Amino acid sequence: MARKRKRDGGGGASWLETYSDMVTLLLTFFIMLYAMSTIDAQKYAIIVEAFSKGTEVKKEIEDLSGTGMMDGGSIEVEEADEEDIDQLYEMLKSYVDENNLSESVEISKTEEYVFIRFSDNITFKGYSNNLNQSGRDILDVLANGLNLVDEYVEEVIIAGHTAEVEKDKSNIDRALSTDRANAVLQYLESKNVISPAKYLAIGYGLYSPIADNSTPEGRAKNRRVEIFISRKGHPISYTEIIKDTINGDDNTEGEDKIEYQSNQLR
């Protein structure tokens, strides 16, 4: 009786196809993981910080296959609490630059204060304590800024100054400087933007010059109104430290005094 021949099993090398498909899928998977791992570390840190601090992401992260994180697209994160006193400084500086007032208005800032100096021609005329329209305009900008940063403002000190004129022997200077400081204070206070308790007016008269009174140009510089806005948490008492700051004393000793006084009052 003839023996039956053993029939070869079907399928051949079909297992190789399954294996190659699996390898391809694994390769694709690892490529995807690698692509995701190349997200810019700085952008990732910004996102983490945004959510951890309760800030809001202004722009949705774009699709990974588009111009998003995989190819270096931009991610915008908007801080919900950016309205520090610096915003007031930027508003005033923009107004001054746009209206070409840099010769009449000086603005500066530090970590502790914003300082503004108005020359006489933009605020008052002659011996008057009535505000010019140009003075009212820039004080309106200041009021809008104060309204935005009220919670960051410790106090607003307004100082009036006059100039010594040899032929004028009257006692008008002290009163005029005080009246002008009060005029600015009352104008700002009428806007109801911050607590009235934060305002202080000081009249220095002719006793705190910043230029030579012997020339018309020097006297014009000495006739001025200055506003000192201190940041919350950095109260500075109205002593020689304030006087040095208002007069533009930027020496190291004055800065050390301010730092010491601030630490004492915190």
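Trainee: At roughly what angle do the axes of helix H3 (residues 85-98) and H5 cross, and within what distance do they come?

Mentor: Happy to. First, this is a predicted model, in which local features need pLDDT of at least 70 and side-chain atom pairs count only at pLDDT 80 or more, while totals for chains, interfaces and linings use all residues. Residues are numbered from 1 along each chain as its sequence is written, and side-chain values use heavy atoms, leaving out hydrogens and water.

Now to your helices, which are DSSP runs of H or I with at least four residues, numbered from the N terminus. The axes of H3 and H5 come within 8 Å and cross at roughly 160 degrees; axes are lines fitted to C-alpha atoms over the stretch in contact, and angles run from 0 to 180 degrees between N-to-C directions. H3 is therefore roughly antiparallel to H5, a label for angles over 145 degrees. The crossing is right-handed, that is, the near helix is turned clockwise from the far one by less than a right angle.

In this contact (heavy atoms within 4.5 Å), H3 residues including Leu88, Met91 and Tyr95 meet H5 residues including Ile138, Val141 and Leu142. By class, there are 12 nonpolar, three polar and one charged residues; nonpolar covers Ala, Val, Leu, Ile, Met, Phe, Trp, Tyr, Cys and Pro, charged covers Asp, Glu, Lys and Arg, and the others, Gly among them, are polar.

H5 (residues 133-149) also packs with H6 (residues 172-189): their axes come within 10 Å and cross at roughly 50 degrees. That makes H5 oblique to H6, oblique being what is left after roughly parallel (under 35 degrees), roughly antiparallel (over 145) and roughly perpendicular (65 to 115). This crossing is right-handed too. Here Arg136, Leu139, Asp140, Leu142 and Ala143 of H5 meet Val184, Tyr187 and Leu188 of H6, giving six nonpolar, no polar and two charged residues.

How values were computed
Helix = DSSP H or I, 4+ residues; strand = E, 2+ residues; numbered from the N terminus.
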